[in-house]
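Open the model in your viewer and keep the selection panel at hand. The stops below are meant to be taken in order.

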Amino acid sequence: MTDATEPIVLDVLLLPAFAADDFDFAKDLPDEFELWRESYEFEESVSIPGANMPLYYTDDGIGITSTGMGKADAAATVTAILASPKIDSSEAYFVTVGVAGSPPDVGTLGSVFLADDIVDWDRKHRWSERDGEREEERKREKGKREMPLELLSYRPYDYVYHLNGELVADARRAGESVELLDSPGTEAYRNRYSQVAARKKPSVEVGTTLCGDEFWHGEAVAEQAQWLVDQYDAGTYATTEMEEMGTATALDRFGLLDRYLSVRGVVNFDRPYDGQSIRDSLHDGVQAETFDVTLENVRRVGSTIVEELRDD
């Protein structure tokens, strides 16, 4: 580990959420970080106070560190790096690379999505549907349907970020040149779903990402999630994850949000297939085979985007 006297200048900073070393229990876990260590020669590292782990970097300007899982961890790590005198990231691009869930009527396993909008799932008013049962029954009688949630009434601003559309479009064009992997197990699992989008082969797409620390699951909550996205006029959510709002908030505070990309591969659907229980879908819906294929697809798309950014 180096203790450089001059700031390390970065062209691109890769931000996976987690590495296997982040977990302190013995279990065979997927690793968003390690595959990138094998892709570039990250021979040096530097410790950043406040970051989740050391920042590794190449001698030609590519850096990588895992942010930690969740919005708070991501915001803390990115803020620590941006504020550190050890790092010069003033001209860098920031690229989240990791995995996500997707609704089966929008995406499919193995696909890679670039976010154009980020919506915060957690900051809102919400109540139990049972508590609102009588009111809902009254409104249904009048032909209305309302969700048991509202936008936070005292929010200082809307909890949505619109990313740099030109940058996202350029990244998509670069990513579409990549051949994506698939696997028999992944295909077999996606074919259990009846939705057309779920049964398609992996592709590179653009869509809204919904960020929340709550790992929710199921069609009922998915309806609420889409309702929330609709309130911010952010289209249809394509992916669900836990870090982007924290990363984007930190970058926005430092005036660097227009240099941010979110590149996420789909490893699970956000609801069960017909006949499957919620618990089985939640706990058994992410297959190791699919995780491996999707992480490789993210690496292929992400590294192509990195080279495009460096050429520019």
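Predicted model: local features only at pLDDT ≥ 70, side-chain atom pairs only at ≥ 80, totals over all residues.

**Stop 1: strand β2**

Select residues 12-15, which form strand β2. Show the side chains and look at the two faces in turn. Val12 and Leu14 are on one side, Leu13 and Leu15 on the other, and all four are buried, so both faces of β2 are covered.

Residues 62-64 are β5, which runs parallel to β2 and is joined to it by three bridges. Residues 93-102 are β7, also parallel to β2, with four bridges between the two. Centre the view on Leu14. Which residue is the bridge partner of Leu14 in β5? That partner is Ile64. In β7, Leu14 has Val95 as its bridge partner.

**Stop 2: the second largest pocket**

Keep Tyr93 on display, as Tyr93 is one of the residues that line the second largest pocket. To see the rest of the lining, select Asn164, Glu166, Leu167, Asp170, Ala171, Ala174, Asp258, Ile305, Glu308, Leu309 and Asp312 as well. The space in this pocket comes to about 180 Å³.

Colour helices α4 (165-175) and α9 (288-311) next; each supplies at least two residues of the lining. Which helix gives the most to the lining? The answer is α4, with five residues.

Colouring the lining by residue class gives six nonpolar residues, one polar and five charged.

**Stop 3: helix α7**

Select residues 244-253, helix α7. Of the ten residues in this helix, eight are buried, so α7 is mostly covered. The buried ones are Glu244, Met245, Gly246, Thr247, Ala248, Thr249, Ala250 and Leu251.

Step past the end of the helix to Gly255, which follows α7 and has a positive phi, near 70°.

**Stop 4: Asp233**

Last, go to the loop between α6 (219-231) and β13 (237-241), where Asp233 is found. What is the phi of Asp233 near? The value is near 55°, which is positive, in a residue other than glycine. Most residues other than glycine have a negative phi.

Notes:
Residues numbered from 1 in each chain as written. Heavy atoms only, no water. Buried < 20%, exposed > 50% of the residue type's maximum accessible area, 1.4 Å probe, protein only. Pairing = 2+ DSSP bridges. 1 Å grid on protein atoms, 1.4 Å probe; cavity = no way out; pocket = protein on both sides within 12 Å on 5 of 7 lines; lining within 4 Å. Points joined across faces, edges and corners; volume = space filled by probe spheres on them. Nonpolar A, V, L, I, M, F, W, Y, C, P; charged D, E, K, R; others polar.
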